[in-house]
Amino acid sequence: MEDFNKADQVATGTLEHYWMPFTANRQFKQSPRLLAQAEGMYYKDVNGRPVLDGTAGLWCCNAGHGRKAISEAVSKQIHEMDYAPSFQMGHPLAFELAERLAAIAPKGINKVFFTNSGSESVDTALKIALNYHRARGEATRTRFIGRELGYHGVGFGGISVGGIGGNRRTFSQQLLQGVDHLPHTLDIQQNAFCKGLPETGAEKAEVLEQLVTLHGAENIAAVIVEPMSGSAGVILPPQGYLKRLREITRKYGILLIFDEVITGFGRVGDAFASQRWGVTPDMITTAKALNNGTIPMGAVLIDDAIYDASMDAPEGAIELYHGYTYSGHPVAAAAAIATLDIYQEEQLFERTKSLEGYFEKAVHSLKGLPNLIDIRNTGLVAGIQFSPSDKGIGKRGFGIFETCFKNGTLVRATADTIALSPPLIVDEAQIDQMVNTLSDAITTVG
Ligand SMILES: Cc1ncc(COP(=O)(O)O)c(C=O)c1O
């Protein structure tokens, strides 16, 4: 009864002050979806109703919810030292976490810059790229190349290199200058219902050669892509595509940044997609599952060569004019170290690999349902795409998301694609439950 009153009160009165991000505020406030508790694979809404987490929150909670080791580490750290200044001062946990991240990063990537979010990680990586070229006497290298449908957060840097029209249009007159976009790699005609990485489409990387010819390599700082685009609806890299990007960037001295804010920490198998798909970039941006989503934190993982070149400043000089009050925050760092321990002790990245076959079979069993035009999957992530309804783009996707939620499973809708990305602790029965709820919702919504 108490819970009900809480929900009721929130629904009628107290929702008005919070301007919610990437949310249809008016629609939400008429019919709110409020979560109040989380444990293991399940949320509970404010009425105590269990909701299976098919999305690891927002691609964050790879170790599942309510992990005691994390909350204990956080609580201990707050008691011990709540905060330490991050400029010209340090504390041991940030160094320890950096060392732990270097240990799981691809070979040669051993330096870490801490941020508070994926957006900040992206803007940080772009700035480090400019700083690096400048430090090496190549200050004309300022152009960035992103990709259509890429999502790199919401900072001005991130939306400039990002390629989702809706996120850019309102701000288009103030985006970074000197940004180009590679074509995206979604090709439903060629690759619909393919399992794992599509076989065709690697040639889309060749557009980078054209951009180099157009602008001159001496003017290009970095290429940034998500190894797999998550937010635009699970768009996979064709086989050989990332390798080709690496070859071309290396040939011309252009830095390659992988935005692994979603793919990092086991989503596609290894610690990073870079390792699973055998391509090592110069920088990797991370956030989200870094500390299981418990406390805002991000990190940019950086190749030693970039760090070393950037240290070429006079003795005592600050080498990079960039940083955040909360860079390497001790409490967030404590949460991250406890999270990395769980990933390691429970072999959760391995678990993705051992479950991906079952997950693939389960999601592909949806083929044939009404209006379903593609299913894409890799690791423990899948995108299930529908044709738009005649009510407009995104209406069908939203209807399926809402119906799933009412029926006890949280999925994510991006336009008319439903994404599944459960915590890596998911078991086979829960995968079945997720897929069955989705199947019913697809049929109900039509
Ligand atoms: C690939 C990628 N980069 C950056 C971001 C932005 O992260 P944040 O929302 O923490 O700023 C996201 C968020 O979903 C993302 O998926």
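**Reading loops, helices and strands**

Guide: Start at Q347, which sits in the loop between α14 and α15 (348-364). Helices (H or I, at least four residues) and strands (E, at least two) are DSSP runs, numbered from the N terminus. This is a predicted model: local features need pLDDT of at least 70, side-chain atom pairs count only at pLDDT 80 or more, and totals for chains, interfaces and linings use all residues. Residues are numbered from 1 along each chain as its sequence is written.

Visitor: What is the phi of Q347?

Guide: Most residues other than glycine have a negative phi. Q347 is not a glycine, yet its phi is positive, about 50 degrees. Q347 counts as partly exposed, with 13 C-beta neighbours inside 10 Å. The cut-offs: a residue is buried if 20 or more other C-beta atoms lie within 10 Å of its own, exposed if 12 or fewer, and partly exposed in between, with C-beta atoms placed from the backbone.

Visitor: Where does F22 lie?

Guide: F22 is in the loop between α1 (2-14) and α2 (25-30). Its phi is positive too, near 40 degrees, and F22 is not a glycine. F22 has 9 other C-beta atoms within 10 Å, so it is exposed.

Visitor: Which residues of α5 are buried?

Guide: L93, A94, L97 and L101 are the buried ones. Seen down the axis of α5, they fall within an arc of 100 degrees, so they line one face of the helix. That arc is taken from the directions from the helix axis to the C-beta atoms. On the other side, P92, E99 and A103 are exposed. The buried residues pack against β4, β10 and α14 (330-345). Contact here means C-beta atoms, placed from the backbone, within 7 Å.

Visitor: How many residues does α5 have, and what should they span?

Guide: Helix α5 (residues 92-104) has 13 residues, which at 1.5 Å a residue should span 18 Å. The expected span is 1.5 Å times one less than the number of residues. The end C-alpha atoms of α5 are 19 Å apart, which agrees.

Visitor: Now the strands. What is the order in the open sheet of seven?

Guide: Strands of a sheet pair through backbone hydrogen bonds, either parallel or antiparallel. Two strands count as paired if DSSP finds at least two bridges between them. The order is β4-β10-β9-β8-β7-β5-β6, and the pairing is mixed. β4 (109-115) and β6 (179-182) are at the edges with a single partner strand each, so one side of each has no neighbour in the sheet. From one strand to the next, the twist averages 20 degrees. Axes are lines fitted to C-alpha atoms, for helices over the stretch in contact; angles run from 0 to 180 degrees between N-to-C directions.

Visitor: How many bridges join β5 to β6?

Guide: Four, and β5 (residues 143-147) runs parallel to β6. R147 stands opposite L182 in β6.

Visitor: Which strands does helix α6 lie across?

Guide: Helix α6 (residues 118-135) lies across β4, β5, β7 (220-225), β8 (255-259), β9 (283-286) and β10 (298-303). It runs at about 30 degrees to β10. Helix α11 (residues 241-251) also packs on the sheet, touching β7 and β8, and its direction makes about 150 degrees with that of β8.

Visitor: Do β1 and β2 run parallel or antiparallel?

Guide: Antiparallel: four bridges join β1 (residues 35-39) to β2 (residues 42-45). Q37 has K44 of β2 as its bridge partner. The two strands form a hairpin with two residues between them, and G40 in the turn has a positive phi of about 60 degrees.

Visitor: What joins β2 to β3?

Guide: Three bridges do, and β3 (residues 50-53) runs antiparallel to β2. K44 has P50 of β3 as its bridge partner. This hairpin has four residues between the strands, and G48 takes a positive phi near 85 degrees.

Technical notes:
Contact = placed C-beta atoms within 7 Å.
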